[in-house]
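Hello,

Here is the structure we talked about handing over. Please have a look at it first; my notes follow below.

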Amino acid sequence: MSSEFISEYEVIHAKPKAFYETYARKDELQHQTHYCPGCGHGTIHKMLAQAMDEFGIKDRTILISPVGCSVFAYYYFDVGNVQAAHGRASAVATAVKRSRPESIVISYQGDGDLAAIGSAEILHAANRGEPIAVIFVNNAIYSMTGGQFAPTTLIGQKSTTTPGGRSAIHEGYPLHVSELLATLEAPMYIERVGLGDNRQIAQASRAIRRAVENQVRGLGFSFIEVLSPCPTIWRLSPVESQRWVREVMEKTYPLAVFRDRTKDAQPRPMPQEPPALDTIPQIIGVANGDVPEDSAIRHEPVTDVDLHVRVAGFGGQGVLLLGEVLAEAGLDAGLEVSWLPSYGPEMRSGTSNCHVRLSREPIDSPLVTAPNVLVAMNEPSLKKFDKSVQARGWVIYNGDAFPPECVREDVHVLALPFTQIADALGDARAANMVMLGALLEIADALPQTSVDAALRRLVKNPRFFELDERALARGRELYRESVREVCHAG
Amino acid sequence: MNAEKRDRGLLRVDGNECKGCGLCVEACPPKVIAMSERLNHYGYRTATYVGAGCTGCGICFMVCPEPGAITVLRAMAQRSAAGSGVTMGTEGAMPCASN
């Protein structure tokens, strides 16, 4: 065999260098994105990263991420990152570009972000011709929050808030942002592309490259709208979603270049040099010595009932319901209460937790950063919140083997295999109520009648109501038994 | 040995990063990507290269929503006596295969 024919291959397409090698900012699964299978964000991210690689601008790029599923774009892009308040990404991009005119500034926004709450910001940024690039990911629905209708939702398209389909009479017509911005004088480049098939994807890649190139050339406002699939919320397979972009969405949102004034364009001069940093305190009338003293809040419990509860576990373990029953019971007992659910934007594989406060006094903040009771329904949750528990507080942990690194001398612990205990009662899903029973017994602040009333309001199915009542009673019993054991042991 | 037997392209799929959306299977013009029979560690069927026929066009890479799940390689110029440098043909551009 001749060595002349030895097959030698070279890599021609691989993960762009503008991405981090591993996504260390993610809590878990650091080797892959948090996006659902078939989500358009990953594809658009890749196009953007490829363009950054091609122009060699990674080190002078500042990406503004929005609120929406792509809120965590900063997990992935190894560039300067700013995450903006909902809808404000193009306003933040304006400020970033003005203070760092040499930077490549890219605002990445979804349709719920840009076309609804951020419609004023994008309109005025475009009208000023701000020299930024905006990538507008349009999937015609609010996806992160579970599928509510957006300004971009198609006529007749069903969503959780338009269950009968969007009607023009009630919700108006789909907002054509690209066409709208193309009526303005200032924008430099506006194009709508899609991810509906190979041809569209290739065009989308070119358009995004074009927007980045405009930044490199120092030109004005570039806007690329991308029709992007959302298989999870559309309830279609990834391949069907792609088809839906091509066959349905594109009819409402035709793909086209709406504005292109880049050909003979000159770099846009910045409006005004920003003032030097050290002159700013003087300009705003703050002398250097005027910084406020340390104003850390000291926590002083003043009332007889002052529960700061954090409940944490995997999505689906009943974390939020546990907190809700507790808060409802407090309400029934005439206490001041707050219940604040907190979960990631991931539609899948997420963890969830909630903050619950019960007090006789008005509640200053619904946030529980230093709980006096932590209910940890799994090990990752325990490890995450264990250190935050107040001294002399309680940790109720689902598992009999308490991880040694979480052991603290100054807190009380009730660690039992609650899932197995609930399973023995008839359904492993009642583990949350067994844990709540133990919590109620420990807190000793609520009458059982209030708990019953709360449960009746929240659990409609009589079978589950009965199961939950038994689970609560079992939880109370388990705590009392553990106390007796301690007494005997002592 | 027949030089024609060597594929122009080669495909690598990271079985841990792939989430099994199947877009690459649909997009591949020569249809040389299939879904695995087995589930990976995370419970997904993953894309796998059937082992032959890749042209190195890179379309699977473009449609894949995961940044590093797919790596595409292309055969380097052959150093055969008769060879006259690289002949890229149409696979150098993004063809417009419909799906």
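**Aromatic pairs and the sheet**

A:Phe136 and A:Phe223 are both buried. This is a predicted model. The two rings form a tilted aromatic pair, with 5.6 Å from centre to centre and 35° between the planes. A:Phe136 sits in strand β5 of chain A and A:Phe223 in strand β7 of chain A, so the pair ties together parts that are 87 residues apart in sequence.

Now the sheet. It is open, has seven strands and shows mixed pairing. The order is β3-β2-β4-β5-β7-β6-β8 (chain A). At the edges are β3 (80–83) and β8 (256–260) of chain A, each pairing on one side only. On average, neighbouring strands are turned by 15° against each other, direction ignored.

Strands β2 (residues 61–65) and β4 (residues 104–110) of chain A run parallel and are joined by four bridges. One pair of bridge partners is A:Thr61 and A:Ile104, the latter in β4(A). Helix α1 (residues 40–55) of chain A packs on the sheet and touches β2, β4, β5 and β7 of chain A. The helix direction makes about 170° with that of β4(A).

Back to the rings. Over all chains, the structure holds 12 aromatic pairs. In one of them, A:Tyr35 and A:Tyr76 have ring centres 5.9 Å apart and planes at 45°, so this pair is tilted. A:Tyr35 is in the loop between β1 and α1 of chain A, A:Tyr76 is in helix α2 of chain A, and they are 41 residues apart. A:Tyr35 is buried at 5% relative accessible area. A:Tyr76 is buried too, at 0%.

Finally, A:Lys46 lies over the face of B:Phe61, 4.1 Å from the ring centre.

Best wishes

How values were computed. Residues numbered from 1 in each chain as written. Chains lettered and ligands numbered in written order. Predicted model: local features only at pLDDT ≥ 70, side-chain atom pairs only at ≥ 80, totals over all residues. Heavy atoms only, no water. Pairing = 2+ DSSP bridges. Helix = DSSP H or I, 4+ residues; strand = E, 2+ residues; numbered from the N terminus. Axes fitted to C-alpha atoms, helices over the stretch in contact; angles between N-to-C directions. Contact = heavy atoms within 4.5 Å. Phe/Tyr/Trp six-rings, centres within 6.5 Å; stacked < 30°, edge-to-face > 60°. Buried < 20%, exposed > 50% of the residue type's maximum accessible area, 1.4 Å probe, protein only. Lys NZ or Arg CZ within 6 Å of the ring centre and 35° of its normal.
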